[in-house]
Amino acid sequence: LGWNEFMALVFSPVYLVLGALLFLFGRSLYMELDVDTEMAKGSLPGVLTLAAKVGPAVGAVLGRTRQALQTFASNPGEQLGHVQQALSELELSPAPRRKPQASTTAPGDNHRVAQHPGQEAAEGHGNGYIADGEGKQ
């Protein structure tokens, strides 16, 4: 894809939704075909086996998708309740923020370089480099 096609995908909600649905369908098909196991048998036997399994696998994935859509369409409120319950069970809470560590350098002191917590300060020139030139901190 070129830049214009990429921008059309990103900024067009229709293309974005279709792309997401295509990705999810491909992922479901990949899992249904069990591509990793089949390709472990070898390239040619794996491709031949996968070619024979594609038709039934597409039918199975489309059948499960249709079943899920019918279940959702019949009672969307109940399905949303399941989603809310699952999210509440996960207890999604942000990680606690750590306070920034105080610098080990004093204003005008170019002898010590501030380190990450748990490390000792190294001799340096106050520019973020180790004195013997090993690299950036």
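Tyr30 lies in helix α2, where helices are DSSP runs of H or I with at least four residues, numbered from the N terminus. The model is predicted, so local features need pLDDT of at least 70 and side-chain atom pairs pLDDT 80 or more, while totals for chains, interfaces and linings use all residues. Residues are numbered from 1 along each chain as its sequence is written, and side-chain values use heavy atoms, leaving out hydrogens and water.

With a relative accessibility of 37%, Tyr30 counts as partly exposed (between buried, under 20% relative accessible area, and exposed, over 50%, with a 1.4 Å probe and protein chains only). Leaving aside residues up to four places away in sequence, Tyr30 touches Val35 and Asp36; contact means heavy atoms within 4.5 Å. From Tyr30 to Val58 the C-alpha distance is 10.0 Å, across 28 residues of sequence.

Helix α2 (residues 13-33) meets helix α4 (residues 43-74), their axes coming within 9 Å and crossing at roughly 125°. Axes are lines fitted to C-alpha atoms over the stretch in contact, with angles from 0 to 180 degrees between N-to-C directions. The two helices are therefore oblique to each other (angles under 35 degrees are roughly parallel, over 145 roughly antiparallel, 65 to 115 roughly perpendicular and the rest oblique). On the α2 side the contact includes Phe25 and Leu29, and on the α4 side Leu50 and Val58 are among the residues involved.

Helix α1 (residues 3-11) packs against α2 at about 90°, with axes 5 Å apart, so α1 and α2 are roughly perpendicular. Here Ala8, Leu9, Val10 and Phe11 of α1 meet Pro13, Tyr15 and Leu16 of α2.
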